[in-house]
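This briefing goes through a protein model by topic. Look at the sequence and the 3D view, then read the points below.

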Amino acid sequence: MPRYTRRQWLATTSATSIGSLLPSVTAATTPSQEPGSRKKTGLDLGDFEPRSMLHVASHAVERARFPVIDIHTHLSFSAKSDKGVAMAEERRFLAGAEELLEVMDRKNLRTMVNLTGGTGAGLAKGIKAYDQAYPGRFLTFTEPLWHRSNQAGYPRLQAEELAKAKEEGARGLKVLKTLGLYLRKDLTSGPLIKVDDPRFDPMWEACGQLNLPVAIHVADPEAFFLETDRFNERFEELVNHPTWSFHGRDFPSNRELLEARNRVFARHPKTQFIALHVGNNAENLASVSECLKRFANMHVEIGARIGELGRQPRTARKFFDRFQDRILFGTDAVPNGVDTPQQIFGDKLYEIYYRFLETEDEYFDYAPAPVPPQGRWQIYGLGLPETILQKVYNGNAARLLGIQI
Ligand SMILES: [Zn+2]
């Protein structure tokens, strides 16, 4: 018998004979198995912009109830990167302090923390332009010297560099997903370096000794590690950003990455870690809760994950109740960005976060975009009480950063 696909075979067989030969054929051609059997709409998925016909209460929240520390923003990036690895101290700055302050004042945003502050001269330049020009309004984190991580003597050099960065004014260390997904034995080639590679132990230890909290991004959404096919709930996003897929090739699984990160948390109990993007596992709050229970030095931040939290509002609300002292406000905001609507710094972005945290509004957009950019769904507000709001907006971050609000 020639090798037909099921659909070709069905097309050559009359309906009656299918019915008599294969009584189970109806079940076998349900939409989940045979998309082609459904009527074609002629509408491209990318053009579909359904408008909700729900008539429910809607509250605009223009200013946060309490002054906000946004622990997760990006005001500068490395000016020279190769395959996801920063190669030089030179920085590219995305916005001037003055234009940011206009939005900040309107939104009751007291402090922006620029996580990607870089190293050396680039770091110093950013601290001067933001932190020192407007004290209390901007704080800057430093980053590891990835481009020297393959050199002899790196572990000690890295620890010393952190002490220098602190003296310069850095308030913490940011670790991008470079670690685990980009950095390789010879920087951009060879096998991937593991998140818990011992060469970084002096770096984690130094952060503990210097009171520099570590904002760490390890792994990515679960769907980014699966095939980009019609079952992938982030299909459109991965089609728009194919390099965000970590499916196949030599990439570790999401779980392996998070387990390696957990070993780092366990090995350095005196170092405070802020696991960004809800511990990079916002789809699985049970698992994040388990980690928070195990590691007293772990905290989480909510940047670019209200799309996840807001589609499971009852589970998320309990999570906020239980870990109200360990959750930090963050947005992952990028000024003047265009690529990722859920991260574009501006009034609209903050209004959505505030609405999510403060109201019980139902079924609204998690990003200022015509199509939800991180999956086609809407979110529900948590309606947090004032005590929790205050901790999430500023109290928890102020404690970790050692600042007064
Ligand atoms: Zn970020």
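Phe 48 counts as partly exposed, because its relative accessibility is 38%, and partly exposed covers the range between under 20% (buried) and over 50% (exposed). The model is predicted.

- Phe 48 sits in the loop that runs between helix H3 (25-28) and strand S1 (68-73).

**Zinc site**

- Three residues coordinate the zinc ion at 2.1 to 2.2 Å: His 72 through NE2, His 74 through NE2 and Asp 332 through OD.
- The spacing of these donor residues in sequence is H-x1-H-x257-D.
- His 74, in the loop between S1 and strand S2 (76-78), and Asp 332, in the loop between strand S12 (327-328) and H15, are 258 residues apart, so the pair links distant parts of the chain.
- His 74 and Asp 332 are both buried.

**Nonpolar cores**

- In soluble globular proteins, nonpolar side chains tend to be buried together.
- The largest nonpolar core here has 91 residues, and Trp 204, Ile 302, Phe 319, Phe 320, Phe 329 and Tyr 354 have the most contacts inside it.
- Helix H15 (residues 347-358) gives the most to this core, with 7 residues.
- Leaving aside residues up to four places away in sequence, Phe 329 touches residues including Val 68, Ile 71, Ile 302, Tyr 350, Tyr 354 and Val 392.
- Another core, of 15 residues, lies apart from the largest one, and includes Leu 115, Leu 139, Phe 141 and Leu 328.

Note on methods
Residues numbered from 1 in each chain as written. Predicted model: local features only at pLDDT ≥ 70, side-chain atom pairs only at ≥ 80, totals over all residues. Heavy atoms only, no water. Core = buried A, V, L, I, M, F, W, Y, C linked by side-chain atoms within 4.5 Å. Buried < 20%, exposed > 50% of the residue type's maximum accessible area, 1.4 Å probe, protein only. Helix = DSSP H or I, 4+ residues; strand = E, 2+ residues; numbered from the N terminus. Contact = heavy atoms within 4.5 Å. Donors = N, O, S within 2.8 Å, 3.2 Å for Na, K, Ca; no water.
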